[in-house]
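Hi everyone, thanks for making time for this. Let me put the structure up on the screen, and then we can walk through it together.

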Amino acid sequence: MGVMKWLTMFVLLGIYLQAVTASGPQLSVFSVTSKTAILRWTRVSGASSYKINVASKSSPTNIIAFSLFGPNTVMGSINSLSPNIKYVFSIEAQDQNQQLLDQATVESSTAPEMMDPIHAVKPKDSRTLMVEFTPCSSATHYIVRVQNSAGFYREDAVSSSPAEIQALTPYTEYTLSIMAVNTGGRSQPSPSVTAKTILPPPQPSTSSLSNDSITVSWAPVAHAVQYTLSVYKFNSSTNMKHNTSSTNLTISDLDAGSLYITGVHAWDAEGRKGEGSLYINQTTRPPTPSAVNVSVVLGNGVSELSVSWAADPEVYAPVEYLVTSDRNLTCNSSSSSCILSPVNCGEVHTIQVTASNPAGPSHPSHPEVFITFPCPPESLALEESGNCSLTWSTVPHAEGYMAFIKRGDDVEEICNTSSSNCTFHCQCGYTYLMSVHAFNQAGTSPPGESFNYTTSPCCPEAVSVSAVSTDTLEITWTASRGAEVYETRAADGSEVILCNDTAPVCALSDLSCDSAYSVVVTPCNDLSGCNRGCKAHTKDTAPCTPMNTMLSVKNSSCVGVSWTANNRAANYTVSAMGDDGTRTCTTTGNSCDITDLPCGSTFEVSVVAHGVTGRSLPSYYETLETEPCCPVNLTVAQVTQAMTNVTWSHAKGANSFITSLTSPRGHARCHTQDSHCLMGCITCGTNYTVTMEAFSHSGRKANCTYEGFSSSACCPSGVRLYRMAGSSMRLYWRGSGSSRGHVAEMVGGSNNYTCSASPGESSCDVGNVQCGDVYHVVVAPLAAEGSRVLFCAQRIYSVTCSDNNFGTVIYRGKRSVD
């Protein structure tokens, strides 16, 4: 340390010399002891020597010492000073003639005087020595110098006595001296003393391997020859000490679950007690739980085991308990109970409780064997035979069984038994909800299989069978308990008709007519099936429909109807329905005549069979048309000499007509659907017989005869017009054989002329005829009523004038070319 300090000082001095300037000297105290002060200064240009003067602060003008230094010296010491005195140091820079060039001053105190030797050194611990010394009144603090033979050297500043010297090496011998320090510096070291640190503390660790012992172990301490272990029980006066040369020790016969405080210190060969270890808290393991009790509880809908035990309230520190079951269930608790969840029915659990604290677990409690509640019985079955017998399979660990039977109307029954069956009275048409619980000392089994059983539905009452049509029976009844659907069966020995419906009514159709059916209404449901023991009811169906209806026309107003009769016993009614009403006939046989049928009518003929159970459907309709009626009025009108127009009134039932005009000189005929007919090829002057055939749609024919018809006389031929004397004209023709005479007409532009001829005559004259006109000339025979025939042809003549007299008569044909 001294060498390094002086090297540092010289380096600083070199730096200081390099920084010297030409200004005045700068004086400062480099260091000071109780008798010596080292000063330093800066150079002054031209100085050949430097003089240091010393005076006390109290007499600054009284120089008590001085020293001279050469021109190249910038640091110097002043010796023989007194300890703890305030001094004024001054420097004078002198030239070669010792003339003052410049000066400077500085104040400083000397260090205190050397202290007395340290009078006591005691080890505080293995790394600390307590130093006791006599204080110095002038010191501001103290420096303790510590060193050993291994080269260790250190100076510690302390403020008072006693002082701690820390961070030393355990079990090591040290040399110590002390120096006082004030503002001026520090004193000379006092005479040294020797002291030795003690053994270091052991580093113990503890554990508890049982609930009545603690094991303490530590690493060996160098130079230790013995160890002392101290054991204290918390909150107790119990204090134990154990000496050993080993590095571990087990202390037995301790209280379970109690806190013990342990510490260890070593002894060296000189018999000195080493530094004690830190105290370690160690709890013994807790006592084994006792009085374990197990029961079944229900939590959040899950079955659980509630395990409780007796806990020692005197134990120290929190105790955690572990509950285990050999069925891999565990739970932890800090209290005296715990829940194992979930558990199931029919389980056997071996349960143990272990207490734990920071020291470790206790011994497990005595095994507690617990059987949970039994499982619910399975394979529920019911046999219905008057009474009902409910059976189930037995389950392990069950001490008894309880069957719950609830009928659909909320009537309940409970059956307790130690066997696996229960008999109770059951009724038809009810649904029974049944369940069976097993029980033992742990409790009742959870809800198991809910067994629904519906007894056979009750037979319907007030059954009524009626025929609603020829092949349909309607069956009604009052609804029966327990029936969800009804199966209605009708059997007649050759066939079976079924109807399934949920309503208390059924129509069985497509039955055989005229048959006796045995009808049974069977109630059913999906669960219990059908009750086949219900009463049958007999009912006949309506008669069969007559078949193969045939009509045979006997005359225009009578028809015979026949059919095939296939009923056991029936009356038959034949109906002919038409526009003119209905005609009927009744018989027990297979044929019947309908009379008084009008002409021109269409009838629908059918046959219906009647019996005690009703009537059959009508037979297929057969259409009957009677002969059409003859027209009441028929008129023949001649249109031309050779053509007539025949008209007639409406004829009921007639669809077409054939009208005939017949004479020895020939005949005319027409076929039409109209009510008139135009006939040609009529011979004039001939008597005709008039007849008609009226036909219906189906071809029925009526023959009609009317009053005869005579055609008109024939029109004359060869009609000529001749001029007579004066203004008269003669009309001439060839005879037509008319027995009534003829009428001649001349029709001109302004005048008309007429003349008549008696029968047998073939001419007549017209007077005062105007010439210079065109005349249309017609000669026609007279009809029977005296009128002329209108259809004879006309001829056209021009009558010219000559000098106001008749000129020439010119024939211009049968029609004018004008």
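So, start with Arg-145, Glu-155 and Arg-186: these three are linked in a network of salt bridges. And before I go on, keep in mind that what you're looking at is a predicted model.

Why would residues like that pair up at all? Side chains of opposite charge can pair when their charged atoms come close. How many salt bridges does the model have? The count comes to 22. I'll pick out a few.

Take Arg-327 and Glu-347, whose side chains meet in a salt bridge with 3.7 Å from N to O. This pair links distant parts of the chain, since the two residues are 20 residues apart. Arg-327 is in the loop between strand 24 (320-325) and strand 25 (329-333), and Glu-347 is in the loop between strand 26 (337-340) and strand 27 (348-357). Now, is each partner buried or exposed, or something in between? Arg-327 has a relative accessible area of 41%, so we call it partly exposed. Glu-347 has a relative accessible area of 9%, and anything under 20% counts as buried, so Glu-347 is buried.

Next one: Lys-652 and Asp-580. Their closest N and O atoms are 2.6 Å apart, and they form a salt bridge. Lys-652 sits in the loop between strand 55 (643-648) and strand 56 (656-663), while Asp-580 sits in the loop between strand 48 (571-578) and strand 49 (581-587), so this pair ties together parts that are 72 residues apart in sequence. Lys-652 is partly exposed at 31% relative accessibility, and Asp-580 is partly exposed too, with a relative accessible area of 32%.

One more of these, and then I'll stop with the charges. Glu-693 and Lys-701 also meet through their side chains in a salt bridge, at 3.5 Å from N to O. Glu-693 comes out at 21% relative accessibility, so it counts as partly exposed. Lys-701, at 36%, is partly exposed as well.

Please find the open sheet of four strands: its order is 4-3-6-7, and the pairing is antiparallel. Which strands stand at the edges? Strand 4 and strand 7 (100-109) do, each with a single partner strand, so one side of each has no neighbour in the sheet. If you ignore direction, neighbouring strands of this sheet are turned by 25° against each other on average.

Inside that sheet, look at strand 3 (residues 49-56) and strand 6 (residues 86-94): they run antiparallel and are joined by eight bridges.

Ile-63 has a relative accessible area of 42%, so it is partly exposed. Together with Phe-66 and Leu-68, Ile-63 forms a nonpolar patch on the surface, and the three have about 310 Å² of accessible area together.

For contrast, let's go to strand 67 (residues 773-781). How many of its nine residues are buried? Seven of them are, so the strand is largely enclosed by the rest of the structure. What pairs with it? Strand 64 (residues 742-747) pairs with strand 67 in the antiparallel sense over six bridges, with Glu-745 standing opposite Val-778. Strand 68 (residues 794-802) also runs antiparallel to strand 67, joined to it by six bridges. There, Arg-795 is the bridge partner of Val-777.

Another buried residue in a strand is Thr-522, which sits in strand 43 (residues 516-525) and has 4% relative accessibility, so it counts as buried. What does Thr-522 touch, leaving aside its neighbours within four places in sequence? It is in contact with Val-485, Tyr-486, Glu-487, Cys-530, Asn-531 and Arg-532.

Last stop: Asp-410, in the loop between strand 32 (400-407) and strand 33 (412-417). Asp-410 has a relative accessible area of 55%, and exposed means over 50%, so this residue is exposed. Asp-410 and Glu-107 are 303 residues apart in sequence, and from C-alpha to C-alpha they are 121 Å apart in space.

That's my tour, so over to you for questions!

Technical notes: Residues numbered from 1 in each chain as written. Predicted model: local features only at pLDDT ≥ 70, side-chain atom pairs only at ≥ 80, totals over all residues. Heavy atoms only, no water. Buried < 20%, exposed > 50% of the residue type's maximum accessible area, 1.4 Å probe, protein only. Contact = heavy atoms within 4.5 Å. Patch = residues over 30% accessible without salt bridge, like charges linked within 9 Å, V, L, I, M, F, W, Y side chains within 5 Å. Areas by Shrake-Rupley, 256 points an atom, 1.4 Å probe, with all protein chains shown as cover. Salt bridge = Lys/Arg side-chain N within 4 Å of Asp/Glu carboxyl O. Pairing = 2+ DSSP bridges. Axes fitted to C-alpha atoms, helices over the stretch in contact; angles between N-to-C directions.
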